[in-house]
Structures are given as structure tokens and as C-alpha cells.
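The following note sets out some points on the model under review. It takes up one residue and then turns to the chain as a whole.

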Amino acid sequence: MQISTKFTIAVHVLTAVQYFSGTYKITSDFLAGSIGSNPVIIRNIMSQLREAGIIVVKRGPGGITIDRPLAEITFLDVYKAVETNSEENLFRFHENPNPACPIGRNIHRALDKSLREIQQHFEDDLRRYTLADVYDEMVEAVRTE
């Protein structure tokens with residue numbers, strides 16, 4: 001299983017917005033410089049975060065702000081905002097198991113419960129971590145460097 005870089009870029013965006021808020025005008029160009037990415041990619045991720053109600057983007061001098069406290073934004077919130085397949089199950093089942101085969105006709109029954117539980121554990125783990133956790137670690141890292 002692999003999650004795209006959009007998730008970690010989104011966490012970087014949100015952490016940078018929080019850290020530099022009030023000091024710099026936060027724009028996609030500013031964030032792209034921190035992330036080492038193209039501003040278009042950053043704008044696309046920001047659009048997804050905005051649609052999810054995580055950030056507010058104001059044109060002109062407004063810049064970007066986070067819409068709620070970092071402690072209320074879980075990794076699951078970010079994952080669902082930016083990973084395009086986040087509403088799907090982690091595991092995709094092959095479409096045409098052979099019903100004439102005893103394994104083919106029973107594989108769903110044998111696997112479905114386990115796969116649902118794995119999906120639930122994954123989502124529960126993502127709920128355990130918040131952006132405040134990352135932000136606090138990052139602030140400590142900056143302080144001690």
C-alpha cells in the first residue's frame with residue numbers, strides 16, 4: 001500500500017501556514033519554496049483542503065488561514081481531503097473470480113471481514129494523530145537545531 005505524496009505535502013502546507021502565519025503572507029509560491037514543489041501542485045492541494053473546510057483562502061492580501069485549531073484536524077481529515085481514492089476501500093477486489101471454482105466463489109466470504117477490519121484500524125490510527133502533534137514536534141525541532 002502506498003499513499004501519494006499529496007498527504008505529506010498537505011501536512012507540510014498546514015504546518016507552514018500555522019508556523020509562518022502573522023510573519024509572512026502565505027501564498028502558494030511561498031509554500032512551494034518551503035516544500036520544494038511546483039506552485040500549481042500546491043494550489044491543487046490547497047483547493048482540496050479548502051473544499052474540505054480545513055483552510056480558508058483569501059485573494060489579495062488575505063493569504064491562507066487554517067479554519068480550526070490544529071488539535072481538531074486529524075490525519076484522517078487530511079487524508080480524506082487530498083487522497084482522491086480515500087472514500088474507497090484500501091483493498092480492491094479482483095472483479096471476476098470464477099464461480100465454478102471453490103476458491104473463486106468463496107474468496108469474498110473468506111477475505112471481506114478481515115479487509116474491513118484492516119480498513120477500520122487504518123482509519124482509527126489516522127484519527128489518533130492531529131496536526132497539533134506534527135506542529136509541536138516541528139516547533140521543537142526548529143528550537144533545538
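1. Helices are understood here as DSSP runs of H or I with at least four residues, numbered from the N terminus. The model is a predicted one. On that definition, helix H4 covers residues 75-82, and Phe75 belongs to it.

2. Is Phe75 buried or exposed? Its relative accessibility is 17%, and buried means under 20%; Phe75 therefore counts as buried.

3. Which residues does Phe75 touch beyond its neighbours within four places in sequence? The contacts are with Phe7, Leu126, Tyr129, Thr130 and Val134. With regard to Phe7, a separation of 68 residues in sequence corresponds to a C-alpha to C-alpha distance of 8.6 Å from Phe75.

4. As to the fold, the protein contains six helices and two strands. Read from the N terminus, the order of elements is α-α-α-β-β-α-α-α. Of the contacts with a separation of 6 or more, 58% join residues 24 or more positions apart.

5. The overall dimensions deserve a remark. The radius of gyration is 19 Å, whereas a compact globule of 145 residues would have a value near 15 Å. Along the principal axes, the C-alpha atoms fill a box of roughly 65 × 30 × 25 Å.

6. Concerning burial and surface, 32% of the 145 residues are buried. The protein exposes about 9,400 Å², of which carbon and sulfur atoms supply 51%.

7. Finally, the charges: the protein has 16 positive and 19 negative ones, and their mean positions lie 5 Å apart.

Technical notes. Residues numbered from 1 in each chain as written. Predicted model: local features only at pLDDT ≥ 70, side-chain atom pairs only at ≥ 80, totals over all residues. Heavy atoms only, no water. Buried < 20%, exposed > 50% of the residue type's maximum accessible area, 1.4 Å probe, protein only. Contact = heavy atoms within 4.5 Å. Rg over C-alpha atoms; globule rule 2.2 N^0.38 Å. Areas by Shrake-Rupley, 256 points an atom, 1.4 Å probe, with all protein chains shown as cover. Lys, Arg positive; Asp, Glu negative; His and termini not counted. Charge placed at Lys NZ, Arg CZ, Asp CG, Glu CD.
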